Amino acid sequence: MMDAKLRGDYSKAAADGTVVQDWSAYTAAEHALWRRLYARQAALLPAYGAPAVNRSLARLDAGGAIPDFARVNRSLAAATGWQLVAVPGLVDDAVFFAHLAARRFPVTVWLRRPDEVDYLAEPDIFHDFFGHVPLLFDPVFADFMQAYGRQGLAAAAAGTIGPLARLYWYTVEFGLIREAGRLKVYGAGILSSRTETVYAVEDRQPLRLRFDLRRIMRSDYRIDRLQDTYFVIDGYDELFAALNRDLAAELGAAAAAPAIAPGAVAPGDRFETIMRAA
Ligand SMILES: [Fe+2]
């Protein structure tokens, strides 16, 4: 089972890790906090958000209240066949991969506390929804996420989850994309953080590299601070194509190779040359 220190209530979870989203139980204060978090991040999106993210958020129109997954699922199913499932928080890797492989995205049901507006250790509904759900409406990204789930199940069996998790980290969570000659944010970990949205695109400190599957699968990361390295894609098809390689062999090789530290430059690195969002 999951670490007992996690915040969510796992006692009512089904075998697949899911719970019922009791939407009517959210308080007025929680909806108000959601509106505050949403408004802060939405204000940054015209300049920093990837167009596919911005389009989906406009369509979701979720700024007024904590979203009701059942309602969102009707439009998401029509768009890409994905569904949101409610979970108490982090779920086991195998459970997570199985959901993705079945085009189901687990979204945490609880919202952070008011004193955690700028940072919290575990993903909450704001991170999971605002950060991850918009791109599930993009057909290519949606297919990539399913393929990632399938690869995850295979990697779990082969003992090579580590390198595959780095791919998720540096793309789904902290990915940047080139759009019409500008740098934009599509990674959920960036999108749900006001500080990192600006930092990832404009700060001089972090290393920005062109997307490189082998490089990413060897790249360590830190979970408790702004990232030292970001990887930039040209389009979501680049992610999907990466998973169509002989990934089992790639994962095995990456697992056996020395890891590259966050912020470190490695031989063959291709540097991103675009520096600004707008
Ligand atoms: Fe996430």
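**Entry 1: cavities**

I began with the second largest cavity, which holds about 40 Å³ of space. For this I took a cavity as a set of points, on a 1 Å grid over the protein atoms alone, where a 1.4 Å probe fits but cannot get out, with lining residues having an atom within 4 Å of a point. Grid points are joined across faces, edges and corners, and a volume is the space filled by probe spheres set on the points.

I note that the model is predicted: local features need pLDDT of at least 70, side-chain atom pairs count only at pLDDT 80 or more, and totals for chains, interfaces and linings use all residues. Residues are numbered from 1 along each chain as its sequence is written, and side-chain values use heavy atoms, with hydrogens and water left out.

I listed the lining of the second largest cavity as R40, R112, V117, D118, S192, S193, R194 and T195. By class I find one nonpolar, three polar and four charged residues there. Here Ala, Val, Leu, Ile, Met, Phe, Trp, Tyr, Cys and Pro count as nonpolar, Asp, Glu, Lys and Arg as charged, and the others, Gly among them, as polar.

The count is two cavities of 30 Å³ or more. The largest cavity has about 50 Å³ of space. Its lining includes G131, H132, L135 and F141, and I class the lining residues as six nonpolar, two polar and no charged.

H132 lies in helix α6 (residues 125-132) and E173 in helix α8 (residues 161-173), so the pair ties together parts that are 41 residues apart in sequence. Helices (H or I, at least four residues) and strands (E, at least two) are DSSP runs, numbered from the N terminus.

I checked burial next (buried is under 20% relative accessible area, 1.4 Å probe, protein chains only). H132 is buried at 5% relative accessibility, and E173 is buried at 11%.

**Entry 2: strands**

I followed β3 (residues 176-179), which pairs with β4 (residues 182-185) in the antiparallel sense over four bridges. Strands pair if DSSP finds at least two bridges between them. E179 stands opposite R182 in β4. In this hairpin, A180 takes a positive phi near 50°.

Definitions and conventions. Buried means under 20% relative accessible area, exposed over 50%, partly exposed in between (1.4 Å probe, protein chains only). On a 1 Å grid over the protein atoms alone, a cavity is a set of points where a 1.4 Å probe fits but cannot get out, and a pocket is an open set with protein on both sides within 12 Å along at least five of seven lines; lining residues have an atom within 4 Å of a point.
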